[in-house]
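Here's a quick briefing to read alongside the sequence and the 3D view. Have both open and follow along.

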Amino acid sequence: MGGVTENISKGKLWGGDGSPFRISYGKQWMWMFLVSDALTFGGLLTAYGFARHSADSWPIGEETFNAMPFLGNGYPLLYVALMTFILIVSSVTMVLAVEAGHRKDKKGVAKWLLLTVVGGLFFVGSQAWEWYHFIHGTHFGSILTTDGWAVVDYVGTDLVLKFGRGVEVVGTEAQNLWEGAITLAGTGAVEPITMQGANLIENEYAPNVPQYADFFFFITGFHGFHVFSGVVFNLIIYINVVRGVYDKRGHFEMVEKVGLYWHFVDLVWVFVFTFFYLV
Amino acid sequence: MERDDLIRDNAYSLSANHDEEHGRVIRKKIIKVTVILTAVTVFEVLMGAFLKQYTGENGADNPIWPYVKWSFIVLTIIKAAYIVLVFMHLGDERKNFKWVILGPYILFILYLIFICLTESTYWHDVFGGVNSITP
């Protein structure tokens with residue numbers, strides 16, 4: 001039996017020593033967890049795409065999300081852009097904390113990690129406001145007219161009916177539609193059929209696609225839960241840093257592991273931002 | 001017992017502690033990526049605010065919308081790549097690890113997107129959308 005032998009230098013071989021990836025087990029399995037979590041989010045967003053692609057119409061992000069705290073409506077996408085910016089900045093402070101950890105700069109790690117926690121709390125708070133606004137809806141809600149659902153608004157005392165996609169009806173035409181809507185509501189009705197705000201069964205933004213609000217609540221809620229957990233993890237690691245646990249250990253790798261999770265949360269938001277608000 | 005989850009003697013180059021000078025190089029890169037991510041986000045928001053999905057008063061489709069939509073998707077993937085490769089340091093890991101992470105994920109997700117879009121096109125064409133079905 002003949003065989004071929006070949007000399008391979010030891011530098012090329014793994015040789016069973018340590019990790020074949022030259023990465024610690026903690027980091028490796030954080031990555032494995034993130035892959036599975038990314039598949040969950042990928043599945044949710046793809047399901048959203050399924051519903052949207054099969055539906056006849058779908059609400060437009062900049063018409064649904066156009067409110068700013070204290071300023072009211074008329075600021076399309078600005079608030080969510082601010083939220084995105086907050087999350088990106090908190091991702092940057094996280095990566096700076098990791099860098100400081102490599103220099104064993106305990107004070108630097110503590111400072112950047114605390115800023116990351118603050119950024120995360122700001123984001124969770126913003127999301128709470130966004131939910132509050134989404135659940136309560138516009139000032140007057142939507143009514144069912146003979147031309148379909150329309151969001152009610154007033155310029156001064158003049159009625160404006162917004163049918164979405166920039167279609168607005170004003171003046172006598174709007175008044176006629178209002179009268180027609182009352183007739184449509186049935187005999188003896190004094191008001192049109194109205195829908196205001198959003199819940200799991202109906203929503204005024206897209207009365208014909210109730211699952212729109214379900215996807216909003218589930219996807220941003222699941223993401224918000226991840227952000228909240230991330231804030232808690234970061235806080236625990238922050239306390240450990242301040243107590244000097246990682247000084248004793250000789251390296252700050254735990255900061256890197258929670259950092260991976262935190263960047264992942266930012267990564268998911270980038271996709272939610274695009275597919276929920278922009279496209 | 002000796003713990004094997006700890007880094008031994010700074011053996012893994014990525015986990016090794018580095019000095020102030022090396023740190024400065026890394027920080028410069030972080031700032032560069034921050035500027036890129038912010039600029040892309042601002043650009044996306046401006047596009048979203050000024051380019052509409054509809055035109056005119058009757059809400060007709062805007063002919064340039066498909067291009068806007070695809071630029072959103074491409075810009076998102078660019079942002080995602082910067083986050084994963086630089087912030088999460090996957091770009092600095094070994095090649096075999098990069099493929100272990102990215103290969104299966106890309107494969108599964110492309111399949112999922114393909115199968116869901118195919119199926120939802122069928123639902124749209126045959127039933128006129130999921131929401132048109134009344135139980």
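**Domains, a helix pair and a chain contact**

In chain A, the C-alpha centres of domain 1 and domain 2 sit 40 Å apart. Keep in mind that this is a predicted model.

**Domains of chain A**
- Domain 1 of chain A is pieced together from 25–48 + 57–137 + 210–278.
- Domain 2 of chain A covers 142–195.

**The H1(A)–H8(A) pair**
- Helix H1 (residues 25–54) of chain A and helix H8 (residues 253–278) of chain A have axes that come within 10 Å and cross at roughly 15 degrees.
- Angles under 35 degrees count as roughly parallel, so that's the label for H1(A) and H8(A).
- As for handedness, H1(A) and H8(A) make a right-handed crossing.
- On the H1(A) side, the residues in contact include A:Trp31, A:Leu34, A:Phe41 and A:Tyr48.
- H8(A) meets them with residues including A:Leu260, A:Phe264, A:Val268 and A:Phe271.
- Sorted by class, this contact between H1(A) and H8(A) has 12 nonpolar, one polar and five charged residues.

**Where chain B touches chain A**
- Chain B puts 60 residues into the contact, and chain A puts in 55 residues.
- On the chain B side, the elements giving two or more residues are helix H1 (20–50), helix H2 (65–87) and helix H3 (95–127) of chain B.
- Which of these gives the most to that side? H3(B) does, with 15 residues.
- The class breakdown for the chain B side is 28 nonpolar, 20 polar and 12 charged residues.

Notes. Residues are numbered from 1 along each chain as its sequence is written. Chains are lettered from A and ligands numbered from 1 in the order in which they are written. This is a predicted model: local features need pLDDT of at least 70, side-chain atom pairs count only at pLDDT 80 or more; totals for chains, interfaces and linings use all residues. Two residues are in contact if their C-beta atoms, placed from the backbone, lie within 7 Å. Helices (H or I, at least four residues) and strands (E, at least two) are DSSP runs, numbered from the N terminus. Ala, Val, Leu, Ile, Met, Phe, Trp, Tyr, Cys and Pro count as nonpolar, Asp, Glu, Lys and Arg as charged, and the others, Gly among them, as polar. Domain bounds come from an automatic or database domain assignment. Axes are lines fitted to C-alpha atoms, for helices over the stretch in contact, and angles run from 0 to 180 degrees between N-to-C directions. Angles under 35 degrees count as roughly parallel, over 145 as roughly antiparallel, 65 to 115 as roughly perpendicular and the rest as oblique. A crossing is left-handed if the near helix is turned anticlockwise from the far one by less than a right angle, and right-handed if clockwise.
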